[in-house]
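Here's a quick briefing to read with the model open beside you.

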Amino acid sequence: MSAPVAVIDLGSNSIKVLVAARRDGGLVALHQQTIEARISAGIGGAVPRLGEDGMQRGLAAVQQLLAATAPHAPGRIAIVATSAVRDAANGAEFRERIRATTGHPVRLLSGDEEANLIGAGLACDPALAATNDFTVFDLGGGSLECLSFRGRRLQREVSLRLGAVRMMEKFMPDPAAAFSDAAARALADHVKAALTAADFPLALPPGGTAFGTGGTFSAARAMLAARAGKSFEQGDPVLRVSDLRQLEFAGRLPLAERRTIPGLPAGRADSFPVALVTVIAVAELGGYREFRHSAYNLRWGVAAGLLA
């Protein structure tokens, strides 16, 4: 087994670490951990800015995750930032605070780099070994990354500002209250209009697969598994749109009750109704009956590059 590497992903909702090594030609995870830090609060404004509380939570999370990697003695450590930091007017300040405190620079990914690294991460997923044509949707707090692969080669990628936190601040100004039907319809129309304007090739060829990555798909899988009395790992990675619609009840509940739903992380309970509407709108526009969930995304792509 090769010397391990560590990747910390400064996501809009959560900050995650992956410690991975190369073994028998593939990548294996030695440690994974997630901290819900929500650094992206405020990015839905006309001039997106990271709030002071969010930056403090983010810095504390990075320090905690760096400490968690120490027992594995990674040979290289990469910290990467995506949509929330990329779009924030004070994103450079946040990156400098992390560098000054930890000694590790933060690599700011462009939308194109983010999409390509998500694709590289998916290539590490054993479930894709026999899949040649597929489309991937990675929904984060700040953006929706859309990638189209044909013959396992990336043909088209689009990064859209349709992230769950960004859309929550735009269409759900009071996350503590229930998500109204009118607001849900307005959001769905907005998502479909943005995808249509981007001219992203949604249609799948015969035998093609639509993949979903990111916290929203993970939460949906966990919720559906819990409803069936199963653990996340036992849950079906195939998320049928008809089953996703069964989770729309969450949006009709106030936040306090959403936080008690089995499988739904408390830190995502506020934005989940918005995220779910976004995912279902993508499925409706693309004519998808299901998404296949994959946990192999950005962090795996960065790790694969470090271990190349």
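At what angle do helix H1 and helix H3 pack, and how far apart are their axes? Helix H1 (residues 52-69) and helix H3 (residues 91-102) pack at about 35 degrees, and their axes are 10 Å apart. Before going further, know that this is a predicted model, where local features need pLDDT of at least 70 and side-chain atom pairs count only at pLDDT 80 or more, while totals for chains, interfaces and linings use all residues. Residues are numbered from 1 along each chain as its sequence is written, and side-chain values use heavy atoms, with hydrogens and water left out.

**The chain as a whole**

- You'll find 11 helices and 11 strands in the chain; these are DSSP runs numbered from the N terminus, with helices (H or I) having at least four residues and strands (E) at least two.
- A compact globule with 308 residues would have a radius of gyration near 19 Å, and the chain has 18 Å, which agrees. That radius is taken over C-alpha atoms, and the globule rule is 2.2 Å times the number of residues to the power 0.38.
- Along the principal axes, the C-alpha atoms fill a box of roughly 50 × 45 × 40 Å.
- Of the 308 residues, 53% count as buried. Buried means under 20% relative accessible area, exposed means over 50%, and partly exposed is in between (1.4 Å probe, protein chains only).
- The chain exposes about 12600 Å², and carbon and sulfur atoms supply 50% of it. Those areas come from the Shrake-Rupley method with a 1.4 Å probe, and for residues only the protein chains shown count as cover.
- If you take contacts in the chain with a separation of 6 or more, 68% of them join residues 24 or more positions apart. Contact here means heavy atoms within 4.5 Å.

**How H1 meets H3**

- About that angle: axes are lines fitted to C-alpha atoms, for helices over the stretch in contact, and angles run from 0 to 180 degrees between N-to-C directions.
- H1 passes H3 in a right-handed crossing. A crossing gets that name if the near helix is turned clockwise from the far one by less than a right angle, and it is left-handed if anticlockwise.
- On the H1 side, the contact is made by Glu52, Met55, Gln56, Gly58, Leu59, Val62, Gln63 and Leu66. On the H3 side, look for Glu93, Phe94, Arg97, Ile98, Thr101 and Thr102.
- Sorted by class, this contact has 6 nonpolar, 5 polar and 3 charged residues. Ala, Val, Leu, Ile, Met, Phe, Trp, Tyr, Cys and Pro count as nonpolar, Asp, Glu, Lys and Arg as charged, and the others, Gly among them, as polar.
- A handy bit of background: an α-helix has 3.6 residues a turn, so residues three or four places apart point the same way.

- Helix H11 (residues 298-307) is mostly covered, with 9 of its 10 residues buried. Among them are Trp300, Val302 and Leu306.
- The buried residues of H11 pack against strands S1 (5-10), S2 (14-23), S3 (26-36) and S4 (76-81), plus helix H4 (111-122).
- Helix H5 (residues 164-171) is largely enclosed by the rest of the structure, because 6 of its 8 residues are buried. They are Ala164, Val165, Arg166, Met167, Met168 and Phe171.
- Those H5 residues pack against helix H2 (83-87), strand S6 (134-139), helix H6 (181-198) and helix H10 (272-286).

- Arg38 lies in the loop between S3 and H1, and has a positive phi near 45 degrees without being a glycine. At 13% relative accessibility, Arg38 counts as buried.
- Asp199 also isn't a glycine, and has a positive phi of about 55 degrees. Asp199 sits in the loop between H6 and strand S9 (209-213), and counts as exposed at 58% relative accessibility.
- Ala178, in the loop between H5 and H6, is partly exposed at 40%. Its C-alpha atom is 5.1 Å from that of Leu253, although the two are 75 residues apart along the chain.
- Pro126 is in the loop between H4 and S6.
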